[in-house]
Amino acid sequence: MVRTAPRQPVPARRADAERNIAAILEAATRLLSADPAASVADIAKAAGVGRVTLYGHFPSREALVDAVLEHAVGLADAVLDDPALDEGPAPEAMAALLRSAWEVLDRHRRLFVAADRIMATERIREHHERPLRRVERLIERGRRDGDFRTDLPLPWLVTTFFSIIHSAAQEREAGRLPAEDVERVLITTMLSLLTSGSPASA
C-alpha cells in the first residue's frame with residue numbers, strides 16, 4: 001500500500017492569517033481615520049472577518065489601535081524619506097518637511113484622536129521615533145550651519161516639533177484652526193522657534 005505524504009496546512013494557515021491581518025489593518029486605518037469612535041465590530045465587518053478572528057490577532061481595542069498607529073506612521077515615514085531634506089538651507093527643508101508631514105497627518109488625524117483616547121502619550125511618541133530621527137538630523141544640520149538656535153537642547157526641539165504638529169491636528173479636528181491656515185501656522189511657529197536666537201536671525 002502506497003502511503004501519501006501528509007498535507008502541510010501550516011503555511012496555508014499562516015498565509016490566511018497574514019491576509020487577515022493586512023485586511024484588518026487596512027480597514028481599521030480607513031474607518032478610524034474617518035471616525036475615531038468606529039467600533040471593533042464595524043472594523044471586522046469592513047475587513048471581511050469575524051470578531052473572533054479579529055480578536056485572535058488583536059486581543060483588545062488598544063492593541064488594534066496600537067498596531068494601526070504603527071502602520072500609519074510607517075506610511076508617513078515612507079513619504080518623508082526624501083533625500084532633498086538633506087540638501088539646501090535647513091529652514092527651507094524644515095518647511096518642506098512640515099508640509100509633507102501635515103499632508104499625511106491631516107489624512108489620519110482622527111486616527112490620532114482615537115489613539116489619544118486610549119494610549120499613553122509616551123507610547124504614541126515611541127511609534128514616531130523613526131520619523132522624529134529625520135527631524136533631529138535636520139535640526140542638527142541647521143544648528144551646524146548657523147540657521148537654527150543652539151541655546152536649547154536638541155531633544156527638546158525635537159519634542160517641540162512633535163507636540164506642535166500633533167496640537168495642530170487636534171486644533172484642526174476641533175475646528176479652532178481652519179484647514180487653509182494649518183500649513184502657514186505650522187511653518188511660521190516652528191521656524192520662529194528654531195531660528196529665534198540663532199546667528200542667522202541675529
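This is a short tour of a predicted model, stop by stop, with something to select at each one.

Before you start, note that residues are numbered from 1 along each chain as its sequence is written, and that side-chain values use heavy atoms, with hydrogens and water left out. Because the model is predicted, local features need pLDDT of at least 70 and side-chain atom pairs count only at pLDDT 80 or more, while totals for chains, interfaces and linings use all residues.

**Stop 1: helix H10**

Select residues 182-195, which form helix H10. Helices here are DSSP runs (H or I, at least four residues), numbered from the N terminus. H10 has 14 residues and reaches 20 Å from its first C-alpha to its last, close to the 20 Å expected at 1.5 Å a residue; the expected span is 1.5 Å times one less than the number of residues.

Now show the side chains of Val182, Leu186, Ile187, Met190, Leu191 and Leu194, which are buried (under 20% relative accessible area, 1.4 Å probe, protein chains only). They cover an arc of only 135° around the axis, so they sit on the same side of H10; the arc is that of the directions from the helix axis to the C-beta atoms.

**Stop 2: the largest cavity**

Next, select Ala76, Leu80, Ala101, His128 and His166, the closest to the centre of the largest cavity among its 18 lining residues. A cavity is a set of points on a 1 Å grid over the protein atoms alone where a 1.4 Å probe fits but cannot get out, and lining residues have an atom within 4 Å of a point. This one holds about 220 Å³ of space, a volume being the space filled by probe spheres set on the points. Helix H4 (61-79), H5, H8 and H9 each supply at least two lining residues. The lining divides into 15 nonpolar, 3 polar and no charged residues.

**Stop 3: the largest pocket**

A pocket is an open set of points with protein on both sides within 12 Å along at least five of seven lines. About 240 Å³ of space lies in the largest pocket. H9 gives the most to its lining, with 7 residues.

**Stop 4: two buried residues**

Go to His108, in the loop between H5 and H6. His108 counts as buried because its relative accessibility is 9%. Leaving aside neighbours within four places in sequence, His108 is in contact with Thr29 and Ser33 (heavy atoms within 4.5 Å).

Finish at Arg141 in helix H8. Is Arg141 buried or exposed? Arg141 is buried, with a relative accessible area of 11%. Beyond neighbours within four places in sequence, its contacts include Leu85, Asp86 and Glu87.

Methods
Buried means under 20% relative accessible area, exposed over 50%, partly exposed in between (1.4 Å probe, protein chains only). Ala, Val, Leu, Ile, Met, Phe, Trp, Tyr, Cys and Pro count as nonpolar, Asp, Glu, Lys and Arg as charged, and the others, Gly among them, as polar.
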